[in-house]
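My notes are kept in the order in which I looked.

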Amino acid sequence: MLKLDLSRTIGMVKEEELKLAGPFTELALKTTVEKSGAGAEFLGWVELPANYDKTEFTRISQAAQKIRDDSDALVVIGIGGSYLGAKAAIEMLGHTFHNEMGKARTGGVQIYYLGHNMSADYMNEFLQIIEGKELSVNVISKSGTTTEPAIAFRVMKKYMEDKYGKTEAARRIYATTDARRGALKGLAEQEEYESFVVPDDVGGRYSVLTAVGLLPIAAAGIDIVEIMAGAKDAMDHYLTAPYADNDCLKYAAARNILYRKGREIEILVNYEPKLAFFAEWWKQLYGESEGKDGKGIFPASVNFSTDLHSMGQYIQDGRRHLFETVLQVGAPHRDFEIPKDEADLDGLNFLAGKTMHEVNTNAFRGTVLAHNDGNVPNLVLGIDQLNARTFGEMVYFFELGCAVSGYTLGVNPFNQPGVEDYKKNMFALLGKPGYEELARELNDRLK
């Protein structure tokens, strides 16, 4: 189980404050579990690790095996929660150079992502890299009309049909969408794509443990049974453990205590490159859940020790409106010993015989002390090792912590009203029918 250490919060999260926060945090947990608060219709993820659709789970595993059997690569089309969780899992649990290693060595197909931007250069270069590969496509969209993935799927549908013909293309296209309605659901039925469900009661940023995340993860050769088992371990513990023994609730309490003291930016820190995209998933989860009604902690991330040579200066010596949550991994999959050099021109022979993980761990320890000296509170989340089970635990820990923290903050953690504003403006400027009046107003403002 994950282990939260609050001893490095430089006295800004005091034991007495944590105790006083307990009843409020437990009330927020009760609101979440009983589905009695705002956004209750999107709380299907709370018991998902125990109550997921086992029949669909089997179909996901079978589809992933088919993809591994008949394809070199899977193109994952989605944006936001429709791809972030899968990419976080694949980068954390797969080989760092997964796409370069080949299916025989990784056990999974190459994974490419499309539909998360509107860059012409990205599209053209993507089409170059997939030339000559046997492909499958997983298009992920509840409605099928979200602009970025809809454009990407329009391109890939034509590409696949030109390459394979309509019948074989349909066998290689998998749609993850609404169970009953929507443009993509209708198209999937018409073209006879195999379909998986985006549950009505699970919002996109909480959906990594559904078919949204599990199909691409399984196609990459990662054990989704273990992921779900880890999430269930976390669910069983964090939903029942008393506050004194519940690190998830303490994390939610501690970050809110710091927020009330003016620490309005939370930086998620890792010392393992494999966790870089987990931070991207986390940023969407917390930013979209808490950033509303003029409130919310701003989620940011850094990759140490790399960013100690860039962002380190600001964190150490800039404005004191931030705190860090550090993901500290206990052991690598395989360590590496630093060799001795007889000339010792770089002066590093004092490290000879030590391991990379030992150096990395002491970089972490030294940085926490330095940042504490710079008046930066650190919350340290210990992770034994990066594996499928701990990924499931981490996902559930942060999802539940986000819900509890949001309710404690006094916002609905499950809506995203602000996300729609840019879309209306974009549609108007592009000439979408029905937006003519807004288009005139915007064009006047842009003159």
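The entries below go from sheet to helices, then to single residues.

**Entry 1. Conventions.** I worked on a predicted model, in which local features need pLDDT of at least 70 and side-chain atom pairs count only at pLDDT 80 or more, while totals for chains, interfaces and linings use all residues. Residues are numbered from 1 along each chain as its sequence is written, and side-chain values use heavy atoms, with hydrogens and water left out. For helices (H or I, at least four residues) and strands (E, at least two) I took DSSP runs, numbered from the N terminus.

Entry 2. I counted two strands as paired if DSSP finds at least two bridges between them. I found an open sheet of five strands in the order E1-E10-E9-E7-E8, with mixed pairing. Its edge strands are E1 (3-5) and E8 (298-303), each of which pairs on one side only. On average, neighbouring strands of this sheet are turned by 20 degrees against each other, direction ignored. I took axes as lines fitted to C-alpha atoms, for helices over the stretch in contact, with angles from 0 to 180 degrees between N-to-C directions.

Within the sheet I looked at E9 (residues 322-329) and E10 (residues 378-383), which pair in the parallel sense over six bridges. Val-326 has Val-380 in E10 as its bridge partner.

**Entry 3. Helices on the sheet.** I used contact to mean heavy atoms within 4.5 Å. Helix H16 (residues 356-373) packs on the sheet and touches E9 and E10; its direction makes about 160 degrees with that of E9. Helix H17 (residues 388-409) lies across E7 (265-270), E9 and E10, and runs at about 145 degrees to E10.

I then followed H17 to helix H4 (residues 84-93): the two axes come within 10 Å and cross at roughly 145 degrees. I noted the crossing of H4 and H17 as right-handed (left-handed if the near helix is turned anticlockwise from the far one by less than a right angle, right-handed if clockwise). H4 contributes Gly-85, Ala-88, Ala-89, Met-92 and Leu-93 to the contact, and H17 contributes Ala-388, Thr-390, Phe-391 and Met-394.

**Entry 4. Strand E2.** I called a residue buried under 20% relative accessible area, exposed over 50% and partly exposed in between (1.4 Å probe, protein chains only). Five of the five residues of E2 (residues 73-77) are buried, so this strand is largely enclosed by the rest of the structure. Ala-73, Val-75 and Ile-77 point one way from E2, Leu-74 and Val-76 the other way. I recalled that in a regular strand the side chains alternate between the two faces of the sheet.

E2 pairs with E3 (residues 110-114) in the parallel sense over five bridges, and Ile-77 has Leu-114 as its bridge partner in E3.

Entry 5. Val-139 lies in strand E4 and is buried, at a relative accessible area of 3%. Beyond its neighbours within four places in sequence, I found Val-139 in contact with Ile-77, Phe-153, Tyr-174, Ala-175, Thr-176 and Leu-184.

Which residues of helix H10 (residues 183-191) are buried? They are Leu-184, Lys-185, Ala-188 and Glu-191. They cover an arc of only 145 degrees around the axis, which puts them on the same side of H10 (the arc is that of the directions from the helix axis to the C-beta atoms). On the other side of H10, Glu-189 and Gln-190 are exposed. The cover over the buried residues of H10 includes E4 (135-140), H8 (147-164), H9 (166-172), E5 (173-177) and E6 (194-197). Just after H10, Glu-192 takes a positive phi of about 65 degrees.

**Entry 6. Cysteines.** I looked for disulfides, defined as pairs of cysteine sulfur atoms within 2.5 Å, and the count came to zero. The sulfur of Cys-402 is 10.0 Å from the closest cysteine sulfur, in Cys-248, which is too far for a bond. Cys-248 is buried at a relative accessible area of 1%, and Cys-402 is buried at 0%.

**Entry 7. Thr-32.** Thr-32 lies in helix H1 (residues 15-34) and counts as buried at 0% relative accessibility. Leaving aside neighbours within four places in sequence, I listed Leu-43, Trp-45, Val-46, Leu-400, Ala-403, Val-404 and Tyr-407 as the contacts of Thr-32.
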